[in-house]
Amino acid sequence: MSLFSAISISASGMEAQRSRAELITENLANADTTRTPEGGPYKRKDAVFTATPVSYSFADQLSMVSGQSDGVAMSDVAVDDSDPERRYMPGHPDADAEGYVAFPKINTAEEMVDLLSASRSYQANVAAFTAVKDMIARSIDLFR
Amino acid sequence: MPVNQTGMDLGNFLSYLSQRQEVISSNIANADTPGYKTRDVEMPISFSAEFQEARATVVGAPGLVTRNDGNNVSIDREARLLAENTLKFNVAAQSLRAQLKNLRSAIEEGRAS
């Protein structure tokens, strides 16, 4: 039943965008974090999306009609391994011998733009979801 | 000739529209996926008999600009198709309801409204 798989696809899009927003807020929250359990400053994380088939209904799996349209999934979290930003703060407890502190390389403006983009994409998926829901409701109306 | 050919054709049209909706949802969900290419469902020449056997074929959409990440989903195009598809579905579902109402009227020999 394609309408129900369309709902699953939109739901996968919503889930992926929400995970992306989570990573962005994590980056923003840790923009000044100089200590992590792994040692060193916090490293910026980025979501990697891949098109993947969503789990279809039981009936669809039986008739093997799936595979024409894909949902989306966050397949990987890319960690930014570039050199940290060094700021001269001799009084800081994490300062090295020369008085420099390694801070995460996070551009707040860039993160805010990404967050906006994730939020808009989420809204687009919700719009598609609502449209499909209305279509299913119309189909149910046929019984009346 | 089946009793309600128009009704069956409308049913096939609804099934085509739900397939298209699935593809549009997929395009919207993958608007940020690197390398993803916009898909579309080819409109069958006729919604009668032969449509029932095969699902409409999924094709690429021409004339879209591919961005640096290899993705060519235009969210405006998808929003337009989403609205268009929902409206078409509503029209077809409404027509099908009217068809079924006629059929019922014939079964009840025109007695009930």
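Here are some notes on the cores, the chain contact and the salt bridges in this predicted model.

1. **The main core.** The largest nonpolar core has 18 residues. Those touching the most other members are A:Leu3 and A:Val132 from chain A, plus B:Phe13, B:Leu14, B:Tyr16 and B:Phe89 from chain B. Four helices each put in at least two residues: H1 (2–29) and H3 (108–141) of chain A, and H1 (5–29) and H3 (75–107) of chain B. The top contributor is H1(B), which gives six residues.

2. Skipping its neighbours within four places in sequence, B:Leu14 is in contact with B:Phe89, B:Ala92, B:Ala93 and B:Leu96 in its own chain, and with A:Leu142 across in chain A.

3. **How the chains meet.** Chain A puts 32 residues into the contact and chain B puts in 31. The buried area between the two comes to about 2600 Å², with carbon and sulfur atoms giving 58% of that. For polar pairings, I'd note eleven residue pairs in polar contact between chain B and chain A, counting pairs with both residues at pLDDT 80 or more. On the chain B side, H1 and H3 each supply at least two of the residues that touch chain A. That side of chain B splits into 15 nonpolar, eleven polar and five charged residues.

4. **Charges across the contact.** Two salt bridges run between chain B and chain A. A:Arg20 and B:Asp32 pair up through their side chains in a salt bridge, 3.1 Å from N to O. Over all chains, the salt bridge count is 20.

5. **A pair within one helix.** A:Glu22 and A:Arg18 make a salt bridge whose closest N and O atoms are 2.9 Å apart. Why are these two separated by about one helical turn? Because they sit four residues apart in helix H1 of chain A. Both ends are partly exposed, with a relative accessible area of 46% for A:Glu22 and 40% for A:Arg18.

6. **A helix-to-strand pair.** A:Glu26 and A:Lys45 also meet in a salt bridge, at 2.8 Å from N to O. A:Glu26 belongs to helix H1 of chain A and A:Lys45 to strand S1 (residues 45–52), so this pair ties together parts 19 residues apart in sequence. A:Glu26 is partly exposed at 26% relative accessible area, and A:Lys45 is partly exposed too, at 25%.

7. **A loop-to-loop pair.** The side chains of A:Asp94 and A:Arg35 form a salt bridge at 3.0 Å, N to O. Which parts of chain A does this pair tie together? A:Asp94 is in the loop between strand S3 (85–88) and strand S4 (100–103), while A:Arg35 is in the loop between H1 and S1, so the linked parts are 59 residues apart in sequence. A:Asp94 is partly exposed at 26% relative accessibility, whereas A:Arg35 counts as exposed at 55%.

8. **A charged network.** Finally, have a look at A:Arg44, A:Asp46, A:Glu110, A:Glu111 and A:Asp114, which are joined into one network by salt bridges that share partners.

Conventions: Residues are numbered from 1 along each chain as its sequence is written. Chains are lettered from A and ligands numbered from 1 in the order in which they are written. This is a predicted model: local features need pLDDT of at least 70, side-chain atom pairs count only at pLDDT 80 or more; totals for chains, interfaces and linings use all residues. Side-chain values use heavy atoms; hydrogens and water are left out. A nonpolar core is a set of buried Ala, Val, Leu, Ile, Met, Phe, Trp, Tyr and Cys residues joined through side-chain atoms within 4.5 Å. Buried means under 20% relative accessible area, exposed over 50%, partly exposed in between (1.4 Å probe, protein chains only). Contact means heavy atoms within 4.5 Å. Buried area is the accessible area (1.4 Å probe) that two parts lose on being put together, summed over both. A salt bridge is a side-chain nitrogen of Lys or Arg within 4 Å of a carboxyl oxygen of Asp or Glu. A polar contact is a pair of N or O atoms within 3.5 Å; within protein, one must be able to donate a hydrogen and the other to accept it, and residues adjacent in sequence count only if both atoms are side-chain atoms. Ala, Val, Leu, Ile, Met, Phe, Trp, Tyr, Cys and Pro count as nonpolar, Asp, Glu, Lys and Arg as charged, and the others, Gly among them, as polar.
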